[in-house]
Amino acid sequence: MFPSQVQTLNMSTTSSSSIWLLSCRKLKFFTRIRRFLQSKAARKQYGSSASDHSNKLRIVNKTDEEEDLVVEKTESELDGSMALQKSVKRLHFGSWEEKEMAAKAIEKLAQEDVKVRKLMAELGVIHMLVSMVDTEVVGRRLAAIKALIELADGTFTNKELMLEAGILSKLPKDIDAVDDQTRHEFAELLLSLSSISNTPFSLAKTEVLQFLIAILESATSIETKETCLGVACNLSAVLENARPLVSNGTVHTLLKLSSFKELSEKALAALGHLVLTLMGKKAMEDSSMVPESLIEILTWENKPKCQELSAYILMILAHQSSTQRDKMSKAGIVPVLLEVSLLGSPLAQKRAMKLLQWFKDERQAKMGPHSGPQTARIAIGSPLHPREAQEGKKMMKNLVKQSLHKNMEMITRRANAAGDSSNLKSLVLSTSSKSLPY
C-alpha cells in the first residue's frame with residue numbers, strides 16, 4: 001500500500017469515526033430529553049405518589065448511567081484505535097523524533113492486552129523497532145527496547161518475529177560503552193526471548209553469550225546480573241546449548257558468582273543443568289574452585305535452596321568418581337555434610353546422607369573387614385593383616401571423635417538445643433563409628 005493510499009484510508013476512517021461519535025452524542029441527548037418530557041407528563045396525568053416518583057427517577061438515572069458507560073467505553077476505544085493508527089503511521093513514515101515518540105506510545109498501548117500486541121505485530125511495528133535498536137541515540141534506543149519488551153510479553157509469535165528480524169545481532173559489542181539502564185533493558189528482553197522453546201532460532205550464539213558474560217563480570221547492578229543469570233539458566237536447560245555455554249567459559253563465571261549469596265541460587269541452578277552433560281561436568285571437575293566453593297555453600301544455613309543445589313552438584317560430581325570423592329574428603333566435606341544432615345532442609349538432609357553413605361562405603365572398602373554387620377562385597381587386591389585392620393579402625397574412630405568434638409558447639413548452637421548440649425555430647429562420645437550415618 002502506497003503512502004498516499006494509507007493517508008486517504010486514515011482520513012476516511014477518521015472522518016467516519018467522528019461522524020459516528022457525533023451521532024451517538026446526539027442520540028444520547030434526544031433520548032434524555034424524551035425521557036424527561038415523558039416523566040413530566042406522567043406526573044401531571046396520574047399524580048403518582050412520592051415513592052413511585054422516586055422509583056421512576058432511580059430507573060431513569062440508572063438507565064442514563066448505563067448509557068454514559070457505553071458511550072465512554074466507545075469513546076475510549078475510538079481514542080485508543082486512533083492513537084494506535086497514529087503511532088504506527090509515525091513509526092513507519094515519521095522522522096526520527098516522531099519514531100521515538102511512537103515507540104513510547106506503542107509501549108503504553110502494548111500493556112493493555114495480548115490482542116493489541118498481536119495486532120501491532122501484524123501492522124509491522126516489530127521490524128521497525130528492531131531497526132531502531134541500532135541507533136546511537138540512547139533515548140531512542142531505550143524507547144525501542146522497552147516497546148519490544150512489552151510486545152514480547154505473553155506471545156510466542158512476537159518473540160519469533162523479533163528473532164527473525166535479527167534482534168540478537170543488535171546487542172552491543174562493547175559493554176563499557178553502554179549505560180547501566182540500557183544493559184538492564186537488553187537483559188530483560190533476552191530473558192523474555194530465552195523463555196521460548198521449540199524455536200528454529202538459537203539463542204546460545206557467541207554474541208549473546210559474550211554479552212551475558214561481559215555483564216556478569218562487570219561492575220553492573222545486582223538486579224541486572226540476576227536477570228542475566230536468569231537468561232543463562234533458561235539457556236542451560238536446553239541440552240543443545242551446553243556445548244556453546246561451556247566453550248565460552250560460562251561455567252567459570254557461574255562458579256565465581258555462586259559464591260555471592262545474592263546471586264548464588266540462580267548461578268547454582270544453571271550449574272545444576274550443565275553438570276548433567278559430559279562437557280559441563282568435565283569443566284567443573286577441572287576447575288580450581290571445585291569442590292571448595294561448593295562445600296562453603298553447604299555451610300549457608302540461612303540459604304536452604306543454595307544448600308540443596310550445592311549438594312546436588314556435589315552428588316553428580318562424586319558419583320562413580322573416587323578422584324572427586326578424595327578431593328572432597330581432603331577439603332573437609334565430611335563434618336559439613338554431618339551438620340547438613342542434622343540441621344538442613346529435608347531435601348538437603350537426604351542428599352547429605354547419600355553422600356555420607358558413599359564416603360562410609362569407600363572407607364570400609366579401604367579398611368577391609370571389621371567387627372559388626374557386613375555387606376557382601378568382593379575383595380580387591382591382597383587382604384590386609386588383621387592387626388593393620390584393627391589399627392585402621394581405631395584411627396578412623398579417633399578421627400571421627402576429633403571431628404565431632406570440633407563441631408559440637410557449633411552444631412548444638414545452631415540446633416537451638418543449648419540446654420541439652422551436655423547430654424548430646426555424652427551420647428556422641430559413647431557412640432562408635434559403626435553407628436554413624438556415613
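Predicted model: local features only at pLDDT ≥ 70, side-chain atom pairs only at ≥ 80, totals over all residues.
Me: Let's start with H9 and H10. Within what distance do their axes come, and at what angle do they cross?
Reply: The axes come within 9 Å. They cross at roughly 145 degrees. H9 covers residues 206–216, and H10 covers residues 222–236.

Me: Left-handed or right-handed crossing?
Reply: Left-handed, as H9 passes H10.

Me: Which residues meet there?
Reply: H9 brings Leu209, Leu212, Ile215 and Leu216. H10 brings Thr224, Lys225, Cys228, Leu229, Val231 and Leu235.

Me: And how does that contact split by class?
Reply: The contact of H9 with H10 has 8 nonpolar residues, 1 polar and 1 charged.

Me: Cys228 is in that list. Is it buried or exposed?
Reply: Cys228 is buried, because its relative accessible area is 0%, and buried means under 20%.

Me: What about Cys306, buried or exposed?
Reply: Cys306 is buried too, at a relative accessible area of 1%.

Me: How many disulfides turn up in the whole structure?
Reply: The search finds 0.

Me: Switching to H3 and H4. What's the geometry there?
Reply: H3 spans residues 96–110 and H4 spans residues 114–122. Their axes come within 8 Å. The crossing angle is roughly 145 degrees.

Me: Take Ile167. What is it in contact with, leaving aside neighbours within four places in sequence?
Reply: Val130, Val133, Leu148, Met162, Leu189 and Leu193.

Me: Last one, Leu161. Where is it?
Reply: Leu161 sits in helix H7, residues 156–164.

Me: Why is Leu161 called partly exposed?
Reply: Because its relative accessible area is 22%. Buried would need under 20%, and exposed over 50%, so Leu161 falls in between.

Me: And which residues does Leu161 contact, beyond four places in sequence?
Reply: Ala121, Ile126 and His127. Ala121 is 40 residues away from Leu161 along the chain. Their C-alpha atoms are separated by 8.1 Å.

Terms used:
Residues numbered from 1 in each chain as written. Heavy atoms only, no water. Axes fitted to C-alpha atoms, helices over the stretch in contact; angles between N-to-C directions. Helix = DSSP H or I, 4+ residues; strand = E, 2+ residues; numbered from the N terminus. Left-handed = near helix turned anticlockwise from the far one by under 90°. Contact = heavy atoms within 4.5 Å. Nonpolar A, V, L, I, M, F, W, Y, C, P; charged D, E, K, R; others polar. Disulfide = S-S within 2.5 Å. Buried < 20%, exposed > 50% of the residue type's maximum accessible area, 1.4 Å probe, protein only.
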